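Please keep the sequence and the model in view while reading.

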Amino acid sequence: MSAVATALDDVAAVAQRLAVLLAAGIAPERAWGFVEARWAASGADDGEAAPDAAGVGVGDYLACAARAAARADDVAVAIRAECAAAPRFGLAHQRAVAWGLFAATWAVAVRSGAPLAATLQGFASGIRHAAALHRELEVAFSGPRSTARLVGALPLVALGFGLLMGFDTVHALTATPIGWGCLAGGLGLMIASRRWSARLLAAAEPSELAPGLEPELVAVAMGSGASVGRARGLVASALDDFAPFVRELGGAADTRAVDAVVALAESAGVPTAGLLRAEAERRRADADAAGRAAAASVAVRLTVPLAVCVLPAFMLLGVVPVLVALFAGSGIGFG
């Protein structure tokens with residue numbers, strides 16, 4: 001499972017458990033304590049609380065949140081401090097980003113007076129949806145990635161076959177002018193193919209971590225009686241404070257969606273919150289469709305660098321040296 005999906009699933013599980021406890025009437029500080037204790041107790045058996053290579057685990061975030069809740073401090077601020085201390089690479093970074101989303105959601109609910117249980121329940125549902133999409137795309141991309149690696153290694157395989165067939169291809173590549181040109185051109189084409197393929201795969205990755213989150217949060221804030229302007233201000237402030245990475249990656253699309261919905265609601269004279277929730281669902285559905293389309297097309301697009309770079313590299317490193325060695329063995333020199 002990808003690091004993104006793992007981080008999102010962990011946060012969704014925490015949000016779901018908190019939502020159930022809060023809905024049952026348990027106070028937030030006690031709910032955090034129950035979730036933190038249960039997670040620590042079960043982590044050794046089911047792996048949920050296992051830290052990553054950087055030593056940062058879900059239990060670290062739960063512990064800091066539980067301490068803040070017990071002291072009646074701002075839980076979102078405590079989580080933000082833990083996120084800031086996390087490394088900026090690998091699973092640790094993805095966990096920090098996912099917990100930033102949680103902190104922003106918690107802050108919006110607390111500052112607007114919205115019901116925490118319902119807010120966290122909706123958040124968990126949306127985050128699980130995003131995690132499922134990332135898992136599906138990870139599986140879909142695994143085939144093209146493997147193909148690109150396998151085909152990209154064919155020039156070196158061809159060079160090895162030449163050696164096994166008894167041709168001194170290494171000498172042909174390193175001791176003749178034509179071999180030098182083939183070696184430089186072949187290696188350059190292989191490097192270009194790897195970089196080109198990597199860019200195509202990176203471009204096909206989802207550009208948004210949690211599409212639809214901003215309209216969902218604005219609807220949550222409005223559900224507590226806040227005006228459109230105040231709700232949008234609360235959400236923008238929370239996302240900027242606690243989830244800056246999400247704002248940088250695709251946040252503008254959510255903001256434009258909110259703009260369009262607010263304009264439609266004002267012109268039609270209909271409730272805005274319902275339209276915002278519908279827009280959040282549409283944004284998630286669009287992200288699903290775009291992700292699947294990207295996964296389907298990336299395999300086709302990867303044939304371009306393979307044809308443009310790998311096949312010529314195969315000729316330069318696998319075929320031409322054999323011919324050079326063959327002619328050299330016949331007494332024909334190449335300098």
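Predicted model: local features only at pLDDT ≥ 70, side-chain atom pairs only at ≥ 80, totals over all residues.

A network of salt bridges links E216, R277, E281 and R284.

**Other salt bridges**

- The count of salt bridges comes to eleven.
- Side chains of opposite charge can pair when their charged atoms come close.
- E279 and R282 meet through their side chains in a salt bridge, at 2.5 Å from N to O.
- E279 and R282 are three residues apart in helix α14, so about one helical turn separates them.
- In an α-helix, which has 3.6 residues a turn, residues three or four places apart point the same way.
- E279 is counted as buried because its relative accessibility is 12%, whereas R282, at 40%, is counted as partly exposed.
- A further salt bridge is formed by D73 and R71, whose closest N and O atoms are 2.9 Å apart.
- D73 has a relative accessibility of 39% and so counts as partly exposed, while R71, at 52%, counts as exposed.

**Helix α11**

- Helix α11 (residues 228-242) has 15 residues, which at 1.5 Å a residue should span 21 Å; the end C-alpha atoms are 21 Å apart, so the two values agree.
- The buried residues of α11 are A231, L234, V235, A238, L239 and F242.
- Viewed down the axis of α11, these buried residues fall within an arc of 120 degrees, and they therefore line one face of the helix.

**Aromatic pairs and the aromatic cluster**

- The structure holds six aromatic pairs.
- One of them is formed by Y61 and W99, whose ring centres are 5.2 Å apart and whose planes lie at 5 degrees, so this pair is stacked.
- Y61 lies in helix α3 (residues 58-70) and W99 in helix α5 (residues 90-112); the pair thus links distant parts of the chain, 38 residues apart.
- Both Y61 and W99 are buried.
- W99 also pairs with F102: the centres of these two rings are 5.4 Å apart, and the angle of 55 degrees between their planes makes the pair tilted.
- W99 and F102 are both found in helix α5, where three residues, about one turn of the helix, separate them.
- W99 has a relative accessibility of 0% and therefore counts as buried; F102, also at 0%, counts as buried as well.
- Y61, W99 and F102 are among the members of one aromatic cluster, which is formed by W32, Y61, W99, F102, W106 and F123.

Terms used: Residues numbered from 1 in each chain as written. Heavy atoms only, no water. Salt bridge = Lys/Arg side-chain N within 4 Å of Asp/Glu carboxyl O. Buried < 20%, exposed > 50% of the residue type's maximum accessible area, 1.4 Å probe, protein only. Helix = DSSP H or I, 4+ residues; strand = E, 2+ residues; numbered from the N terminus. Expected span 1.5 Å × (residues − 1). Arc of directions from axis to C-beta. Phe/Tyr/Trp six-rings, centres within 6.5 Å; stacked < 30°, edge-to-face > 60°.
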